[in-house]
Amino acid sequence: MNILINASNLKIGGGLQVADSITRQLHYFQDDFFVVILSSELSYLETEICSENVTALTYDIQNSLNTLLRGRDAFLDSIVESSRIEAVLTIFGPSRWEPRALHLCGFARPHLVFPESPFWINSKPTLLQRLYISVISYFYKRGTNLLYSENQSVSSRVEIRFPGKRCETVTNYYNQVFDDSSLWDRIQLPEFDGITILNIGANYEHKNLSICKEIASFFIENEPWFHFRFVLTLT
């Protein structure tokens with residue numbers, strides 16, 4: 001089977017790690033041929049993952065009117081045609097592109113299906129935020145044959161939000177880098193006599209990381225004995 005792995009839309013966050021992990025395993029599936037489209041942030045993989053059954057290219061999908069309104073992308077469409085692609089896996093959507101092939105798309109935006117959760121932005125969504133959620137939801141509905149998420153509860157909610165769309169559950173796994181300590185980046189934090197509060201993640205708006213300032217103010221005012229620091233993996 002000829003399969004296109006679409007990671008052209010991944011820029012930040014855990015999706016990059018998942019793309020790294022998935023594409024490094026493709027050479028094990030010798031019965032299939034893969035074309036992998038990597039974003040600029042994943043371009044380092046281009047030479048590392050290529051094998052007899054894996055070809056990799058770097059391309060950043062564009063937010064053109066043709067893509068946003070019609071779901072077309074000339075470069076990706078040409079790859080589907082020239083490589084006789086039968087199925088497309090978009091690691092995490094929305095891709096904005098509507099491939100002319102069977103399309104499986106990953107869903108990793110639980111704030112779209114759990115609006116009542118207290119862990120997202122606490123304030124009432126603005127008109128702009130509501131519009132953004134509506135547009136993102138539209139892209140998920142358009143041109144996807146099957147969705148998947150990493151959690152059964154999310155998958156169930158996805159099927160409710162997008163009637164007629166099936167959503168499978170594929171649980172996450174640790175990246176292969178943890179199996180080889182020689183590949184680890186070791187960061188030595190300054191000595192600290194207190195509690196370190198670690199948050200690993202990109203600064204997506206819906207994660208509400210700015211609340212750390214309010215948490216710090218609360219502890220300073222109400223628990224002055226509590227010695228703490230935040231360590232955030234933000235650029």
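**Labels and cut-offs**

Mentor: Start with Arg142, which is in contact (heavy atoms within 4.5 Å) with Thr67, Leu68, Leu69, Arg70, Gly71, Arg96 and Glu98, leaving aside neighbours within four places in sequence. This is a predicted model, where local features need pLDDT of at least 70, side-chain atom pairs count only at pLDDT 80 or more, and totals for chains, interfaces and linings use all residues. Residues are numbered from 1 along each chain as its sequence is written, and side-chain values use heavy atoms, with hydrogens and water left out.

Trainee: Why is Arg142 called buried?

Mentor: Its relative accessible area is 11%. Buried means under 20%, exposed over 50%, partly exposed in between (1.4 Å probe, protein chains only). So Arg142 counts as buried.

Trainee: What does the side chain of Arg142 reach?

Mentor: The backbone oxygen of Leu69, at 3.4 Å. A polar contact is a pair of N or O atoms within 3.5 Å; within protein, one must be able to donate a hydrogen and the other to accept it, and residues adjacent in sequence count only if both atoms are side-chain atoms.

Trainee: What makes Asn151 a cap of α5?

Mentor: A side-chain oxygen of Asn151 lies 2.8 Å from the backbone nitrogen of Ser153, at the N-terminal end of α5.

Trainee: Which residues of α5 are buried?

Mentor: In this helix (residues 152-161), Val154, Ser155 and Val158 are buried. They cover an arc of only 100° around the axis, so they sit on the same side of α5. The arc is that of the directions from the helix axis to the C-beta atoms.

Trainee: What covers these buried residues of α5?

Mentor: The cover includes β6 and β7 (167-169).

Technical notes
Helices (H or I, at least four residues) and strands (E, at least two) are DSSP runs, numbered from the N terminus.
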